[in-house]
Amino acid sequence: MPTHTELATKLLNDAAEFFKTLGEQNPPLKDQMEENGTVFKQMSGLLAQEPTGALNGTPHAELAGKLLQDASTFFITLANQNEPIKEQMLENANVYKQIGQLVEKDPTGILD
């Protein structure tokens, strides 16, 4: 069974790729989406290397959890603006929110 950290790092990497792809498809959003992708990728690396570590006094797991929950909010916004992908984006939002909460509370926990 995967740990909360393993799931969170996968979702962070997936979100990073999603943001970069979205930026490539939407030139006005390109810079912001590339920046988001970079932040998510860096956080994934930090969390994978040191799940119980900290950056400037804030635990990696807390930072990762917040990013995952931010991605959840972003997916909800996309869902509400794009009917054809609404259901998928809402499912993504739910997964990102749940894993974000789990990794924040217990980064080394195992998913049931």
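Colleague: Among contacts between residues at least 6 apart in sequence, what share joins residues at least 24 apart?
Modeller: That share is 67%. Keep in mind that this is a predicted model.

Colleague: Thanks. What is the order of the elements from the N terminus on?
Modeller: They run α-α-β-β-α-α. In total the chain has 4 helices and 2 strands.

Colleague: How much of the chain is buried?
Modeller: Of the 112 residues, 36% count as buried. The accessible surface comes to about 6,600 Å², and carbon and sulfur atoms account for 51% of that.

Colleague: Let's go inside. How many residues are in the largest nonpolar core?
Modeller: There are 25. Leu12, Phe40, Leu47, Leu68, Phe75 and Tyr96 have the most contacts inside that core.

Colleague: Which helices supply at least two residues each?
Modeller: Helix H1 (4-25), helix H2 (30-49), helix H3 (60-81) and helix H4 (86-105) each do. As background, nonpolar side chains tend to be buried together in soluble globular proteins.

Colleague: Take Tyr96 from that list. What is Tyr96 in contact with, leaving aside neighbours within four places in sequence?
Modeller: Tyr96 is in contact with Leu11, Asp14, Ala15, Leu68, Ala71, Ser72 and Phe75. Two of those partners, Leu68 and Phe75, are also among the core residues with the most contacts.

Colleague: What about Ala93, buried or exposed?
Modeller: Ala93 counts as buried because its relative accessibility is 2%, under the 20% cut-off. Ala93 lies in helix H4, and beyond four places in sequence it touches Ser72, Phe75 and Ile76.

Colleague: Switching to loops: where is Pro27 found?
Modeller: Pro27 is in the loop between H1 and H2. Pro27 is exposed, with a relative accessible area of 61%. From Pro27 to Gly37 is 10 residues in sequence and 15 Å in space, C-alpha to C-alpha.

Colleague: And the other loop, where does Asn56 lie?
Modeller: Asn56 lies between strand E1 (54-55) and strand E2 (58-59). Asn56 counts as exposed, at 77% relative accessibility.

Colleague: What is phi of Asn56?
Modeller: Phi of Asn56 is near 50°, a positive value in a residue other than glycine. For context, most residues other than glycine have a negative phi.

Colleague: Last one, on charges. How many positive and negative charges does the chain have?
Modeller: The chain has 8 positive and 16 negative charges, and their mean positions are 2 Å apart.

How values were computed: Residues are numbered from 1 along each chain as its sequence is written. This is a predicted model: local features need pLDDT of at least 70, side-chain atom pairs count only at pLDDT 80 or more; totals for chains, interfaces and linings use all residues. Side-chain values use heavy atoms; hydrogens and water are left out. Buried means under 20% relative accessible area, exposed over 50%, partly exposed in between (1.4 Å probe, protein chains only). A nonpolar core is a set of buried Ala, Val, Leu, Ile, Met, Phe, Trp, Tyr and Cys residues joined through side-chain atoms within 4.5 Å. Contact means heavy atoms within 4.5 Å. Accessible areas come from the Shrake-Rupley method with a 1.4 Å probe; for residues, only the protein chains shown count as cover. Lys and Arg count as positive and Asp and Glu as negative; His and the chain ends are not counted. The place of a charge is taken as NZ of Lys, CZ of Arg, CG of Asp or CD of Glu.
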